[in-house]
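Welcome! Take a moment to look over the sequence and the 3D structure below, and then we will walk through some of the features together.

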Amino acid sequence: MMDTANFSRRSFLQGGLGALTLAVTAKGLITTVWAAETAPRKYGADSMPGGTVDDPLVFISIAADGTVTIVAHRAEMGTGVRTSLPMVVADEMEARWDRVKVEQAPADEARYGNQNVDGSRSVRHFLMPMRRAGAAARQMLEAAAAARWAVPVAEVKAVQHEVVHQPSGRRLAYGELAAEAAKQPVPKGEALKLKERAEFRYIGKDQVRLVDLEAIGKGQATYGMDVRLPGMVYAVVARPPVVGGKLRRLDSSKALALPGVLKVVEIPPMQGAPAFQPLGGVAIVARNTWAARQGRDALEIEWDDGPNAGYDSTAYRQTLEAAARKPGKTIRKQGDTAQTWGKAPEAERLASEYYVPHLAHASMEPPVATVQIKAGKAEVWTSVQNPAAARDAVAARLKLEPANVTVNVLLLGGGFGRKSKPDFVDEAAIVARAMPEGTPVKLVWTREDDIHHDYLHTVSVERLEAVIDKSGQVQSWLHRSAAPTIASLFSEGAKGQQMFESAMSAINMPYQIPNVQVETAEVEAHARIGWFRSVANIPHAFAAQCFIDELAHKAGKDSRDFALDLIGPARRIDPGSLADTWNYSESPERYPYDTGRLRGVIEAACKGAQWGRKLPKGHGLGLAFCYSFVSYTATVIEVAVDEKGELQIIAVDMAMDCGPQINPERIRAQMEGGAIMGLSLALTSEISFEKGRVKQSNFHDYEVLRHNASPRVIRTHLVNDDHALPPGGVGEPPVPPVAPALCNAIFAATGKRIRKLPVRRIA
């Protein structure tokens with residue numbers, strides 16, 4: 001069993017862990033996301049704040065006893081990144097995994113590179129930097145041994161925590177060489193020798209357990225909710241029930257009279273675009289969370305609900321439908337869809353609309369942050385996906401230099417994109433500033449707070465129109481999205497989906513169709529719209545994949561065969577003028593859209609499900625597929641529907657092609673989790689509004705999939721473990737195909753089309 005060490009950065013830098021510290025520094029903070037037109041376009045890690053450079057932003061330390069400490073600079077929220085990236089380092093440096101400790105890095109993008117755990121980027125962007133760091137450490141140890149023995153470095157080789165002189169068999173342990181290795185130059189460029197795939201010990205294998213597994217299983221792991229500090233006080237917040245609302249009148253006398261209540265702190269109202277700022281409201285500070293909640297209940301508050309007071313999700317759906325039925329802003333056009341549609345006979349036309357409601361992240365651990373301000377500095381303990389954003393928010397709020405703010409990154413009890421928005425950390429800083437200096441303040445969100453005040457996944461109506469001729473060939477394809485945009489977080493009044501959202505399974509469709517048009521409707525946001533696991537791929541793939549199944553039925557063809565014909569032969573698609581938005585900020589040359597790989601996952605999922613077999617009465621198979629976060633996924637779901645319309649999920653077959661499979665066990669786990677989350681979104685989850693207020697409050701009315709509704713079997717099929725390819729994302733791609741595969745399976749079983757989520761019942 002591995003140990004996980006949580007050391008302070010100060011003790012680490014003071015050298016308490018050993019003699020060798022391999023420190024590779026940044027060449028500078030990269031902040032340009034979109035390069036100027038005259039400059040080369042930056043893709044991938046170099047396009048992100050913090051970025052990465054050829055020198056890895058990581059520390060490796062070897063103690064005198066040989067213990068290797070590896071820094072994990074990305075937050076752990078269940079993806080296994082705190083295991084996978086250190087595992088890569090250990091493999092390259094020939095470290096024995098049972099002698100490795102993992103240290104969680106604090107927020108410091110200038111030192112470690114980008115730390116925002118969003119977009120399925122951790123392995124995609126940091127596989128090679130981690131490999132280079134490990135390989136550099138290995139070669140420095142080999143060079144130190146060669147120097148001590150006065151032999152050519154070509155005669156020595158690092159093997160499992162020792163360096164061996166191959167002619168004589170002499171050996172030196174890593175701990176014995178640490179001090180001398182620290183004096184060796186860090187090899188770079190052609191001097192740096194990475195392992196060949198055949199030499200890997202851990203990469204691509206199932207040998208390594210999660211570093212936190214035992215602690216989590218025993219209840220010993222530290223999440224944000226677990227922080228306890230001497231003198232700690234607790235806070236909860238009464239927030240405006242409507243986004244954009246503010247406090248009109250407050251009487252806190254009854255609250256302050258309650259036992260344990262210490263203080264009432266007003267939080268300034270949100271100004272302009274929401275971004276990551278708090279919504280505003282009133283914080284109750286108390287000696288424990290229960291007293292704080294009782295105090296909040298005793299507040300007498302009158303709210304000014306502001307401009308979104310009339311937001312009603314039922315009425316807004318009608319607004320979206322109306323917008324989706326008229327021309328929008330064209331973002332992709334080839335051929336002439338309008339002319340093709342106008343000339344086609346009614347029998348060759350098909351039009352359908354699909355609806356996906358707002359969705360809440362509902363991670364098992366609601367947001368929580370602890371802040372202590374002392375001697376002109378602030379220290380934060382929190383579960384956050386974007387530590388740099390949290391540090392910047394606290395620094396700005398307290399008017400401190402970022403260097404004077406320490407953010408300790410703890411385990412996350414789920415995130416899904418919610419916890420990269422550190423409004424809750426900012427709230428804790430506001431309350432801590434109002435308390436006596438040195439008082440640690442733990443600000444806790446309840447489940448109701450989390451559901452009521454989330455950054456929601458966008459609501460959407462997707463309209464698709466196609467012309468399919470008598471031979472079953474699709475001649476035109478129109479996809480029009482009506483959905484509020486994530487851009488409304490950062491730009492007040494922003495309307496309609498932006499190109500980066502449309503590039504998620506809308507404009508980057510791979511089908512061989514002569515006439516294509518993709519449009520967006522410029523509709524307003526009335527809630528905080530945030531990114532959510534797989535983002536706009538969810539509504540776009542739901543609509544497009546259900547529509548393909550409808551087209552196959554209209555053509556009288558098997559849906560798998562129809563889809564493969566629509567995709568066409570294996571080829572690499574040239575995105576042309578859409579290159580900058582086509583591939584999740586990745587280079588289209590490095591990550592071309594390869595339809596052969598897409599076909600591969602479709603065939604693998606169908607093979608796993610035994611597509612084409614005779615099914616019992618009331619059973620059906622449904623297929624859906626998606627290209628997202630530069631990975632390829634396909635899902636086949638088998639359902640059974642009885643005479644009463646009761647639905648049972650029999651089996652889910654999921655295929656994934658993410659290129660090189662660095663940690664196969666974690667890939668399978670993410671796919672299984674994606675299946676459950678995708679089914680949850682499809683069957684039960686919905687956020688609705690009335691008078692600007694979220695109607696749901698907890699898991700009794702914002703439902704997630706229960707155990708008894710889960711599939712009996714989930715089979716995962718990993719395809720194309722090609723280490724010549726760059727790695728794709730894993731955490732988000734499993735989700736989008738699930739809902740359409742389910743609805744297509746229901747149609748196959750019953751003949752009933754479902755175009756609105758959640759399904760809830762089959763009428």
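Which residue just after α2 takes a positive phi of about 60°? That residue is E94. You are looking at a predicted model, in which local features need pLDDT of at least 70 and side-chain atom pairs count only at pLDDT 80 or more, while totals for chains, interfaces and linings use all residues. Residues are numbered from 1 along each chain as its sequence is written, and side-chain values use heavy atoms, with hydrogens and water left out.

**The whole chain**

- The protein chain has 20 helices and 30 strands; helices (H or I, at least four residues) and strands (E, at least two) are DSSP runs, numbered from the N terminus.
- Its radius of gyration is 27 Å, close to the 27 Å that the globule rule gives for 763 residues, so the chain is as compact as a globular protein of that length. Here the radius is taken over C-alpha atoms, and the rule is 2.2 Å times the number of residues to the power 0.38.
- Along the principal axes, the C-alpha atoms fill a box of roughly 85 × 75 × 55 Å.
- Of the 763 residues, 61% are buried (under 20% relative accessible area; exposed is over 50% and partly exposed lies in between, with a 1.4 Å probe and protein chains only).

**Helix α2**

- Helix α2 covers residues 81-92, and at 1.5 Å a residue its 12 residues should span 16 Å; the end C-alpha atoms are 17 Å apart, which agrees. The expected span is 1.5 Å times one less than the number of residues.
- Because 12 of the 12 residues of α2 are buried, the helix is largely enclosed by the rest of the structure. Among them are R82, D91 and E92.

**Strands and a sheet**

- Strand β17 (residues 377-382) runs parallel to β18, joined by five bridges; A378 has V405 as its bridge partner. Two strands pair if DSSP finds at least two bridges between them.
- Elsewhere, four strands form an open sheet with mixed pairing, in the order β25-β26-β27-β30. β25 (619-628) and β30 (713-718) stand at the edges with a single partner strand each, so one side of each is left without a neighbour in the sheet.
- β25 and β26 (residues 631-641) run antiparallel and are joined by 10 bridges, with H619 standing opposite A640.

**Cysteines**

- The count of disulfides is zero, where a disulfide is a pair of cysteine sulfur atoms within 2.5 Å.
- For C546, the closest cysteine sulfur is in C743, 4.9 Å away and too far for a bond.
- C606 is in no disulfide either, and its nearest cysteine sulfur, that of C546, is 15 Å away.
- C546 is buried, with a relative accessible area of 2%, and C606 is buried with a value of 2%.

**A loop residue and its distant partner**

- Y311 sits in the loop between β13 (300-304) and α9 (313-324), and Y311 is buried with a relative accessible area of 5%.
- Although Y311 and F689 are 378 residues apart in sequence, they are 6.5 Å apart in space, C-alpha to C-alpha.
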